[in-house]
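Please look at the sequence and the 3D structure shown below. The report after them goes through the two chains, their contact and some local features.

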Amino acid sequence: MRRVSRSTWDSLTVPRRCVCGHPIRLNDLLSSSFSTSSSSSSSSSSLSPASPSPSRPSSIPTIRSKPQTTRPFSTTPSLAVIPSLLPTQSAKLAALHGRLELPNKYPLATLGRALIDPTAESEHHLNNDGLSNLGNVLLGYYTSEYLMVQYPRLPYEILKTAMNGYIGPEALAAVGTGWGVEAAFAPGETVDPGLLQFNRVAPGTPMYKVQGGVGFNIPRKRNKMVPNFENNPSVDAALADETPGMKAAREAQRSGQDATTLHLAMASFVRATVAGVYLHAGGLPATKEFVHAHVLSRKLDINRLFQFEQPTRELSRLCVREGFQQPIARLEKETGRYSRHAVFIVGVYSGEEKLGEGQGSSLPEAKIKAAISALKGWYLYSPVTGADLPSKTDGHPGLPFSPAVVDVGDVVS
Amino acid sequence: MVVRGLQAVSKAQNGVGAFILQCKRLEFNYCEMSGSSRGMKAFLKTRLATFAKENPGVEIVVSPRPKKHPIIRGSYINKREKVVCVRNLEVLQVLQKAELLRDASGDKIKKINKPVQSLNDSVRGIWSPYHAKGEDVYKV
């Protein structure tokens with residue numbers, strides 16, 4: 001017993017259209033025997049409220065007597081990924097829709113399309129490429145806005161790192177996994193529409209060959225910025241370890257064929273889901289709510305993203321720029337100076353005002369930590385009352401709005 | 001003079017913001033013939049449709065498991081499974097077991113000793129002997 005228990009016969013009478021309006025052909029389902037017997041049952045009342053297509057008047061023939069060999073708007077005749085199970089028939093997809101508490105306006109077809117990676121289906125109107133791009137822009141909008149209003153003085157490098165921590169591929173893949181999305185072993189016609197479909201990278205493929213892949217899994221020579229992977233002995237050594245099976249899989253993968261990793265495909269699905277919320281579930285306000293609930297509610301310690309090179313010098317430059325008195329480090333407390341476990345507490349002062357404090361087992365360490373604490377105190381300034389996010393007025397232009405602080409930026413020199 | 005960013009990935013806090021039910025799939029298995037499945041079969045006929053409608057986030061699967069006792073198998077987001085045998089149970093008892101599996105997190109059952117588990121730093125801070133003044137030095 002499926003939760004969306006509609007028979008295949010009924011579903012055949014409904015014209016299926018994908019999000020952008022192109023009809024999806026049901027090559028494998030349509031046959032002459034189906035068309036003759038199912039013509040009488042034209043009314044199909046979907047149990048699922050999120051039926052993707054409005055019912056047509058019965059006068060329009062919805063079943064073709066002869067299956068076409070090619071789709072309209074299609075450049076390739078093969079129907080690689082469209083599963084034989086329709087999106088509205090998949091219990092997995094409906095459960096995912098319910099788990100995310102998406103509104104009924106959000107069709108299952110869009111959610112199903114978000115699960116199809118461009119590496120699984122190259123047809124642009126069937127994969128999540130466009131949705132994913134749109135979702136990326138929306139996620140970037142809300143995340144950068146949130147960070148800039150919350151921490152107006154964040155240095156640019158830290159802002160970028162924090163953005164990556166919230167909406168980078170790793171973070172979004174974790175969001176998607178947390179939604180309980182599973183991946184199909186391989187894309188194909190028989191795959192349930194509720195599974196993530198993408199073409200996996202063959203084992204043994206170096207990460208630098210993966211589109212959008214980060215990092216290198218092959219040791220690089222020191223001081224060699226652009227390593228030559230093609231004629232590199234270390235690459236050859238790494239590839240020599242692969243088993244014959246791995247080698248066959250790697251060579252079976254054509255050079256032009258796209259492949260991606262689970263993380264990247266999952267991140268792309270999450271972006272596409274956000275875009276779906278924007279398109280179907282009420283525009284910007286609903287998207288903002290969704291992004292804040294699922295992405296920005298996660299825990300990221302901005303405090304721990306900093307790595308200073310010369311904190312004492314930077315603090316000094318900061319005080320010059322802001323017109324403060326030069327910072328002076330003062331020893332506040334100490335214990336066990338001549339023991340194994342000395343502890344020094346150093347405060348850094350600008351005139352009478354204490355900027356920061358550090359604790360260390362040596363005087364320089366405590367001094368550096370005090371400077372770091374002072375700099376973090378400056379950079380992590382957050383408005384106490386909390387400024388309004390500019391997107392507050394997106395759906396409601398009349399709302400009162402207090403603008404955010406815009407700082408002069410980080411210390412340059 | 002450069003500040004560098006240390007890469008970090010945000011951590012999930014389910015329930016802060018959105019809440020995702022951790023049970024993603026419930027599989028009900030029954031036997032047509034045996035008497036131990038009587039309550040389970042009645043549950044499938046009378047209660048399951050309502051149960052499924054109340055829990056749209058859970059995929060419901062029903063399949064026969066001949067010559068075996070009836071079971072409910074829950075699959076969770078953390079890739080674990082929990083199985084409960086519901087032999088000879090009445091309809092409401094089966095429902096209770098289904099709700100138990102639905103509400104479970106999927107984790108192994110473990111003893112929780114601390115009243116609060118949090119990713120956030122302590123609000124009160126850590127006591128330091130260097131900052132306490134006067135008599136408070138010895139008060140923790």
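## Terms and model

Helices and strands are here DSSP runs, at least four residues long for a helix and at least two for a strand, and they are numbered from the N terminus. With this numbering, B:K67 has its place in the loop between β3 and β4 (71-76) of chain B. The model is a predicted one.

## The two chains

Chain A has 13 helices and four strands. Of its 413 residues, 37% are buried. Among the contacts in chain A with a separation of 6 or more, 66% are between residues 24 or more positions apart.

Chain B has three helices and five strands. Along the sequence they follow the pattern β-β-α-α-β-β-β-α. Of the 140 residues of chain B, 24% count as buried. Of the contacts in chain B between residues at least 6 apart in sequence, 72% join residues at least 24 apart.

How does the radius of gyration of chain B stand against that of a compact globule of 140 residues? Chain B has 24 Å, whereas such a globule would have a value near 14 Å. The C-alpha trace of chain B spans about 80 × 45 × 25 Å along its principal axes.

## Where the chains meet

In the contact between the chains, 29 residues of chain B touch 43 residues of chain A. On the chain B side, the elements that give two or more residues are β1 (3-5) and β3 (59-64). This side of chain B has 19 nonpolar, six polar and four charged residues.

Strand β1 (residues 306-308) of chain A pairs with β1(B) in the antiparallel sense, over three bridges. Within this pair, B:G5 in β1(B) is the bridge partner of A:F306.

## The sheet of chain B

Which order do the strands have in the open sheet of chain B? The four strands have the order β3-β2-β4-β5, and their pairing is mixed. Strands β3 and β5 of chain B stand at the edges with a single partner strand each, so one side of each has no neighbour in the sheet. From one strand to the next, the twist averages 15°.

Strand β2 (residues 23-30) of chain B pairs with β3(B) in the parallel sense, over six bridges. In this pair B:F28 stands opposite B:V62, a residue of β3(B). A helix of the other chain also packs on the sheet: α3 (residues 91-99) of chain A touches β2 and β3 of chain B. The direction of this helix makes about 145° with that of β3(B).

In a regular strand, side chains alternate between the two faces of the sheet.

## Two helices in chain A

Two packed helices are described by the angle between their axes and the distance between the axes. In chain A, the axes of helix α10 (residues 262-280) and helix α11 (residues 283-294) come within 7 Å and cross at roughly 145°. The crossing of α10(A) and α11(A) is right-handed.

Which residues of α10(A) meet α11(A)? They are A:V274, A:V277 and A:Y278, and they meet A:G283, A:L284, A:A286, A:T287, A:F290 and A:V291 in α11(A). By class, this contact has seven nonpolar residues, two polar residues and no charged ones.

## A hairpin in chain A

Strand β3 (residues 343-350) and strand β4 (residues 353-360) of chain A pair in the antiparallel sense, over seven bridges. One of the bridges joins A:S350 to its partner A:E353 in β4(A). The two strands, β3(A) and β4(A), form a hairpin with two residues between them. In the turn, A:G351 has a positive phi of about 65°.

## Positive phi in chain B

Most residues other than glycine have a negative phi. B:K67 is not a glycine, yet it has a positive phi of about 60°. Is B:K67 buried or exposed? B:K67 counts as exposed because 9 other C-beta atoms lie within 10 Å, and the limit for exposed is 12 or fewer.

B:N88 is another residue other than glycine with a positive phi, near 60°. B:N88 lies in the loop between β5 (81-85) and α3 (91-103) of chain B. With 15 other C-beta atoms within 10 Å, B:N88 is partly exposed.

Note on methods:
Residues are numbered from 1 along each chain as its sequence is written. Chains are lettered from A and ligands numbered from 1 in the order in which they are written. This is a predicted model: local features need pLDDT of at least 70, side-chain atom pairs count only at pLDDT 80 or more; totals for chains, interfaces and linings use all residues. Two residues are in contact if their C-beta atoms, placed from the backbone, lie within 7 Å. Ala, Val, Leu, Ile, Met, Phe, Trp, Tyr, Cys and Pro count as nonpolar, Asp, Glu, Lys and Arg as charged, and the others, Gly among them, as polar. Two strands pair if DSSP finds at least two bridges between them. Axes are lines fitted to C-alpha atoms, for helices over the stretch in contact, and angles run from 0 to 180 degrees between N-to-C directions. A crossing is left-handed if the near helix is turned anticlockwise from the far one by less than a right angle, and right-handed if clockwise. The radius of gyration is taken over C-alpha atoms; the globule rule is 2.2 Å times the number of residues to the power 0.38. A residue is buried if 20 or more other C-beta atoms lie within 10 Å of its own, exposed if 12 or fewer, and partly exposed in between; C-beta atoms are placed from the backbone.
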